[in-house]
Amino acid sequence: MANDFTFHITTTRFDEDYSPSASSRITTNFANLARGERRRDNLRRALAMIDARLNDLARADNPTADRYTAELDIVSAQLRFADAGDDREFPLLEVLDINIVDRRTGERHHGIVGNNFSSYLRDYDFSILLPSAQRTAGEFVVPEDFGDLHGKLFQHFLESDAYRERFPQSPVVCISVSTSRTYRRNGNRHPVLGVEYEQDSFSLTDEYFAKMGLQVRYFMPRGSAAPLAFYFRGDLCGDYTDLQLIATISTMETFQKIYRPEIYNAASPAGDVYRPSLERDDFSRTDITYDRVERSQLAATQGKYAEEHFVAPHRQVLNRWAARYPATAR
């Protein structure tokens, strides 16, 4: 099983000079911003928003303005098959890695890897496989093995030497809450993550991440308009420092304000009971160009790419490997 494929990691600095590589999913938030005539302005503004929020959350009772700045790297994981061929290597996933620089002391603090989780295979599952499973109008069908391969590959990547040699901690994937679920405050409050919410039932995305070995909690940090979904291994509140959590919140909240301003740049914050909606009109847009319609349309294109260059040519190897890989503990 170990000889079927290996992982290889490369990193690219995400700054105002960033340009997506040929293998990057252009639906990914950071790649979408880095296109068009306003690409450099988009990137500069997004990075400034991240730093402003980072310092706002880190300031607390010690108001030292602009003490911290975030340095972001795009981590690209390639899956390399042992057999030769045109599709021997495939871009499995991309995430952001964060470093926090203390301008006052010069110290560098490693943050948490995992923001802006991006996967071609996830596009295939949601944009190709899931629609093909719908048999009749009005009946939503989820295949029993939906997300199994993706989940096992993700966990295998976290257990690989390639990951462990670079990252001492498990990732945290922070994304938007689901517009199909209702969230209620449970009375718990964390000093950094903020007030905690619980959902009425797990969404399909929650179930998908569970197959990746990740559990979920929902928190709305101080000054936020809506809770964020945090997917993690281990102990979200105990395994990471306050500064690490602050950097993750600052990074992902910025992208969500750009991508989903109806929720994360709303005029009024979420209350005790909250149902996210993209139909609200009491919100403000950021002055950053982001093509949400194109992003949605490209997911199907990239799912097809994954089918043609990953799933189809390596189906036998992947099925054989997945059958031997232990199922996720639920």
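**Pockets, cavities and the nonpolar core**

Helices α3 (120-132), α4 and α10 (315-324) each contribute two or more residues, that is, at least two, to the lining of the second largest pocket. The model is a predicted one. The largest contribution to this lining comes from α10, with 5 residues. By residue class, the lining of the second largest pocket consists of 9 nonpolar, 3 polar and 5 charged residues.

Rolling a probe the size of a water molecule over the atoms shows where empty space is left. The structure contains 4 cavities of 30 Å³ or more, and the largest cavity holds about 80 Å³. Val95, Phe154, Phe157, Tyr163 and Pro171 are the closest to its centre among the 13 residues that line the largest cavity. At least two lining residues are supplied by each of β3 (89-102) and α4 (148-158). Helix α4 gives the most to the lining of the largest cavity, namely 3 residues. The lining of the largest cavity has 12 nonpolar residues and 1 polar residue, with no charged residue.

The protein as a whole has 10 helices and 11 strands. Of its 330 residues, 53% count as buried. Among contacts in the protein with a separation of 6 or more, 67% are between residues 24 or more positions apart.

In soluble globular proteins, nonpolar side chains tend to be buried together. The largest nonpolar core in this model has 93 residues, and Phe14, Phe230 and Phe310 touch the most other members. Helix α7 (residues 242-259) provides the largest share of this core, 9 residues.

With residues up to four places away in sequence not counted, Phe230 touches Val172, Val173, Cys174, Leu193, Gln215, Val216, Arg217, Phe219, Leu236, Thr248 and Ile249. Phe310 is located in helix α9 (residues 292-311). Phe310 counts as buried because its relative accessibility is 0%, the cut-off being under 20%. Apart from neighbours within four places in sequence, the contacts of Phe310 are Leu79, Phe81, Phe90, Leu121, Leu153, Tyr305 and Leu318. Phe310 and Tyr120 are 190 residues apart along the chain, and their C-alpha atoms are separated by 9.2 Å.

Helix α2 (residues 39-59) has 21 residues, which at 1.5 Å a residue should span 30 Å; the C-alpha atoms at its ends are 30 Å apart, so the two values agree. Its buried residues are Arg39, Asn42, Leu43, Ala46, Leu47, Ile50, Asp51, Arg53, Leu54, Asn55 and Leu57. Of these, Leu57 has a relative accessibility of 10% and therefore counts as buried. When neighbours within four places in sequence are left aside, Leu57 is in contact with Arg222, Ile246, Ile249 and Ser250. Ile249 is also one of the residues touched by Phe230. The C-alpha atoms of Leu57 and Asp242 are separated by 9.7 Å, with the two residues 185 residues apart along the chain.

Notes: Residues are numbered from 1 along each chain as its sequence is written. This is a predicted model: local features need pLDDT of at least 70, side-chain atom pairs count only at pLDDT 80 or more; totals for chains, interfaces and linings use all residues. Side-chain values use heavy atoms; hydrogens and water are left out. On a 1 Å grid over the protein atoms alone, a cavity is a set of points where a 1.4 Å probe fits but cannot get out, and a pocket is an open set with protein on both sides within 12 Å along at least five of seven lines; lining residues have an atom within 4 Å of a point. Grid points are joined across faces, edges and corners, and a volume is the space filled by probe spheres set on the points. Helices (H or I, at least four residues) and strands (E, at least two) are DSSP runs, numbered from the N terminus. Ala, Val, Leu, Ile, Met, Phe, Trp, Tyr, Cys and Pro count as nonpolar, Asp, Glu, Lys and Arg as charged, and the others, Gly among them, as polar. A nonpolar core is a set of buried Ala, Val, Leu, Ile, Met, Phe, Trp, Tyr and Cys residues joined through side-chain atoms within 4.5 Å. Buried means under 20% relative accessible area, exposed over 50%, partly exposed in between (1.4 Å probe, protein chains only). Contact means heavy atoms within 4.5 Å. The expected span of a helix is 1.5 Å times one less than its number of residues.
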